[in-house]
Amino acid sequence: MFKLIMADIKVLGNRIWQIPIGVFLFIFSFSFIPNLEEVYKIHHLIYSVLIPGLLTYELLRDEQKHGSESVFMTLPVCKKTCILGRYIVISLFCSLSIPVIYLSEYLHITMHAKESIIEFSRIGSISIGVLLVIYYTLPVYYYTKKLMRSMGASALFLTALLIITDILYSHSYRLSLDNNTLIWYFKFSGIIASLVLVLKVFEHFYKNIADRYTNDIIYTTIIFITIDRIAAFQNMLLNYISVNKYLEIFLKSEKHIGSYLLFTALSSKHGLDLIIVGISLLIVIFLLFVFHKNFNDKFNRNMILYILSPVILFHVFSFLISFHSMIFYYPGDEFYWNIHLLLIYMIFVVSIIVFIMISVRASIYLLKNDRRHS
Amino acid sequence: MNKIIEINGVTKEFEGFKLDNISFGLEKGYIMGFIGPNGAGKTTTIRLIMNLLKKDSGDIKIFGMDNSKDEVAIKDRIGFVYEESYFYEHLTVKKMKDIIAPFYSRWDDEKFDEYCSVFGLLPNKKIRDLSKGTKMKFSLAVALSHNAELLILDEPTSGLDPVFRDKLMDILREEIQDENKSILFSTHITSDLEKIADYITFINNGRIVFSDQKDVLLENYKIIKGDSGILTGEIKSELLGVKENRFGFEALCNVEKQNVFSQFEIVTEKPTLEQMMVYMQNK
């Protein structure tokens, strides 16, 4: 693995430094023109997309001419290691944008004597976006062997994702919905992915491959219903736990008789809801299992599952975080909250590893299941 | 017999093309010519052998090992030369070698330097500045410098001039002398194989038409020339591809079936591999 990472870095040579520094200088020069300072509001986004994007382009530019016969594929290294090595290198490119963002932000604040602070949090959300782009771009590249096409598709995907996520996010504020950006981010990734899937399905449809079209749609629908049921089950379970937590507090304080009765009724209602949603979840999981087994076109089946994996995974991880905070909530216990934060970071790291592993598997699968005859 | 390559019942289906149940083998110490027209399935077969593609069914064993499960051990013993240079064009010969060498357990730097001097490769020259023939020499130098026991060459001579093609054949002939190496040589330029191949495998439309010793094949078939008047439907059915013109006919025929012409005046010739490929393709 180390040899592969070093080989990729050697392939790039001194370009690995030229590109971040070049982008940095370009954006930095804007800070001298007062009217263009608006650009500075999105400079972190430009760095985090352009730096890994340009470096990845430089890395794969020569290789893509030869498709699967690239030099690394013929070396005595197993495919998984080879592709995983490539993911690690590209993740390193992504991380290279972080010091550039900090440096640029620091210089901007210092030069213009501003009183603002460096915002660390937004870098985290950008890194998830970039991760999502890698998640989808590399498998597309390994399938099509067309670098510009896969990068273009991902750029389009990211742009659509950012614009529509923003619209949905502002909409969610008005409706007082759960304003967690990530929920919208990932849910929307599923919507875009399914849109691509629908387009693909229509392509098949116009080629008169109606049976594939029907199976794809049924399978996608079952997965979406499963995701919806998981989300509903999560909400019901968390509601049930929180109501019972309050009941515990009321019992201890021996006060608020009216509220106690109300919460007892709520607990009973949530308990019933939980059972109903739980049963419906079990039914759709069973349906998914049966259909998965009987889906004749393995390629389409695996692709649908891969495209929708981030949505499923996000629900699982967000549930783990919420469940943990609900179960062990003790007000005022700072030590516990530190542990909880540590757990959130751990889940975040695990989720990144899981995402990369799924994407690596998809890349290997797509690379080896090339359906076009050369 | 010690088989280096064993392919049994391998199938791979694409949209509009199927590699259909192909089987053949290559023994240690021999050169096999893998011939067929463009789009016949030669490159797909090589990609399957190299585990660059996933087979739908069948078995591929290299050095007696499964090509998918023991991919790393197998590739360590294979030298692969592709039709076009698949190296990073902006790197120099030396830098590219430095990237590749650490991956092979039996890489021999001295051998590489020796090949570089024989082939006239300058270490500090960028790959993009090399001619097509020199790029091929570099590919060969890399493939031969890690003591590979099996060389897989995918159309290495296409686009090369006859002088270098001849030189390449000499290099390959020399490499095979110790009888420990084997070569699978895919090409549609069959004249190259006439000189060096021990075995010939012919693939057409995704099916193996024949796979046998070159000399046996050339002895088993004959080119028959005669007057078109003798070609009845029954006789035509015994022939493997017929070409007719105003002077008569020319056909490929199995020697066992040659007796159908015993009562006619015909001319027989030993076929070339190219003729065999052309006639069998037109069959």
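Q: How are axes and angles defined here?
A: Axes are lines fitted to C-alpha atoms, for helices over the stretch in contact, and angles run from 0 to 180 degrees between N-to-C directions. Helices (H or I, at least four residues) and strands (E, at least two) are DSSP runs, numbered from the N terminus.

Q: And what kind of model is this?
A: This is a predicted model, in which local features need pLDDT of at least 70, side-chain atom pairs count only at pLDDT 80 or more, and totals for chains, interfaces and linings use all residues. Residues are numbered from 1 along each chain as its sequence is written, while chains are lettered from A and ligands numbered from 1 in the order in which they are written.

Q: At what angle do helix H1 and helix H3 of chain A cross?
A: The axes of helix H1 (residues 2-12) and helix H3 (residues 43-61) of chain A cross at roughly 95° and come within 9 Å. That makes H1(A) roughly perpendicular to H3(A), a label for angles of 65 to 115 degrees; under 35 counts as roughly parallel, over 145 as roughly antiparallel and the rest as oblique.

Q: Which residues make that contact?
A: Asp8(A), Val11(A) and Leu12(A) of H1(A) meet Leu55(A), Glu58(A) and Leu59(A) of H3(A). Two residues are in contact if their C-beta atoms, placed from the backbone, lie within 7 Å.

Q: How many residues does each chain give to the contact between A and B?
A: Chain B gives 30 residues and chain A gives 23 residues. On the side of chain B that touches chain A, the elements with two or more residues are helix H1 (42-49), helix H2 (71-75) and helix H3 (93-100) of chain B.

Q: Turning to chain B, how do helix H4 and helix H5 pack?
A: Helix H4 (residues 109-119) and helix H5 (residues 132-144) of chain B have axes 9 Å apart and an angle of about 155°. That makes H4(B) roughly antiparallel to H5(B). From H4(B), Phe112(B), Tyr115(B), Cys116(B) and Phe119(B) meet Lys137(B), Ala141(B) and Leu144(B) in H5(B).

Q: What is the strand order in the open sheet of four strands?
A: The order is S2-S1-S4-S5 (chain B), with antiparallel pairing. Strand S2 (17-27) and strand S5 (65-66) of chain B are at the edges with a single partner strand each, so one side of each lacks a neighbour in the sheet. Two strands pair if DSSP finds at least two bridges between them.

Q: How many bridges join S1 and S4 of chain B?
A: Strand S1 (residues 3-14) and strand S4 (residues 57-62) of chain B pair antiparallel over five bridges. Within this pair, Ile5(B) stands opposite Ile62(B) in S4(B). H1(B) packs on the sheet and touches S1, S2 and S4 of chain B, its direction making about 115° with that of S1(B).

Q: Which strand forms a hairpin with S13(B)?
A: S12(B) does, with two residues between them. Strand S12 (residues 239-245) of chain B and S13(B) pair antiparallel over five bridges. Strand S11 (residues 221-226) of chain B is joined to strand S13 (residues 248-254) of chain B by six bridges, and these two also run antiparallel.

Q: How is chain B divided into domains?
A: Chain B has domain 1 (3-212) and domain 2 (218-282), with bounds from an automatic or database domain assignment. Their centres, taken over C-alpha atoms, are 34 Å apart. In chain B, 10 residues of domain 1 are in contact with six residues of domain 2.
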